[in-house]
Amino acid sequence: MSDKCDLCLLGLIILSSLLTGTSGVNVFISSGENVSLSCNNALSDCKSTTWIYYRLIFLAGVELITLGIKNKDTERHERLSLKPDCSLNIKNVTEEDYGLYTCRQYVNGQKQGPDADVFLHVLHVSVSPSSSSSSSSSSSQTEISPGRSVTLSCQLYSFAGFSCDHWVSSVGVELLWVNQAGVDLKTDSRYQISSSSDQYRCIITLTTTLLNEDDNREWRCQLTHRNQVKTSVRYTVKYSAQADSTTAVNPSTQVIVISVAADAVLLLALLWLICRKRADNKRGTGDSAVKDENDHKGTYETCPFLPLQEPMIMMIQ
C-alpha cells in the first residue's frame, strides 16, 4: 500500500475514533502542559506493556517503553514515565510530541489482544519573527511594544493530517481566537484572522496593531470539540520596561512641570530683588540689620517672603 493510501486509511481511523469513540482515544493538549495517555489493554502488571510511538504513518515506530522499562535511547526519555496503571506520562509537552501512541501487551514474546491506540493532538502558539526579538516562542509572554504589528499563529499539530475546514465540517473541532471574556475576536474589526493548513497542521493566525492599553492584555487560542472547550493556549502581551517608560509619560505633564519650575525661579529672583532693595534702603540705619564684622564685614537681613521653612538670610554687600 502506498504512503498516500496509508495516510488516508489512518485518517479514516482517526475520524472514526473522533466521531464514534472507537478505534482509539483522542487527546487534545496544549504545549507546555503534562499529559497522561491511558493504556486500556493493560494486564495485571506493566512488565508486559510496551509503548510505541509513530510520528508519521510511513515511518517505523519507536519503542518508548519496552516490557515496562523505559528506553533511555530516545530523545525525550527524561520527560517520560510509566504510571502504576501502565499509562504513559509525558511532562512539558511540545509540538513535536504529537502523533500516534500505541500500548501493546506481550507475554512470553507473544502479542496479547488488540492494541490500545491514543492519538495525541498538540495546540501551540508562536509569534511571527517580525513582531518579536525571537523567531518564535512557545511561552505565554513576549516583550513587544505599542504601535507595532503583531501576528500570533495558533497551530494544531495532528497525526490525522486534516485541513482546518475538514476538522470543522467532519469532526466538529474548531480553533478560535478569543479575548479574556471568551468573545470570538472575529467579531472585532481591529483583528485580522485567517486560517490555513499543511500536511500535519491546522493554523489560525491573528494579526493586529498593538495599542498602549494592550499591556498585560490576554488573548487565547481555544480549541473546541462539538462546542465544548478541550484546551487553550493563553498569550499575554508584555511591554518592555523601555516601552513602558516611553509611553507612560504624558507630554502635557512635562510641559506643566517645566513651566512651574520656571515660574518658581522667576518668583525667587523677584523676591530676592525686593529683599535686596529693602536692605539698600536700610543700610546704615540699623533697622533690622545685624552686623557681623568678624566674618564678611557686611550686613545681613532676614527675608520673610521666601517660601522656606525658616526665613532666608540675605547678605548685603
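Trainee: How do the residues of the lining of the largest pocket divide into nonpolar, polar and charged?

Mentor: In this predicted model, where local features need pLDDT of at least 70, side-chain atom pairs count only at pLDDT 80 or more, and totals for chains, interfaces and linings use all residues, the lining divides into seven nonpolar, two polar and six charged residues. Residues are numbered from 1 along each chain as its sequence is written, and side-chain values use heavy atoms, with hydrogens and water left out. Here Ala, Val, Leu, Ile, Met, Phe, Trp, Tyr, Cys and Pro count as nonpolar, Asp, Glu, Lys and Arg as charged, and the others, Gly among them, as polar.

Trainee: What makes the pair of F28 and W167 edge-to-face?

Mentor: Rings of Phe, Tyr and Trp (its six-membered ring) pair if their centres lie within 6.5 Å, and planes under 30 degrees apart count as stacked, over 60 as edge-to-face and the rest as tilted. The centres of F28 and W167 are 6.3 Å apart and their planes stand at 70 degrees, so the pair is edge-to-face. The pair links distant parts of the chain, with F28 in strand β1 and W167 in helix α2, 139 residues apart.

Trainee: Why does F28 count as buried?

Mentor: Buried means under 20% relative accessible area, exposed over 50%, and partly exposed in between (1.4 Å probe, protein chains only). F28 has 11% relative accessibility and therefore counts as buried, and W167 is buried as well, with a relative accessible area of 1%.

Trainee: Which residues form one aromatic cluster with F28?

Mentor: F28, F162 and W167 form one aromatic cluster.

Notes: Helix = DSSP H or I, 4+ residues; strand = E, 2+ residues; numbered from the N terminus.
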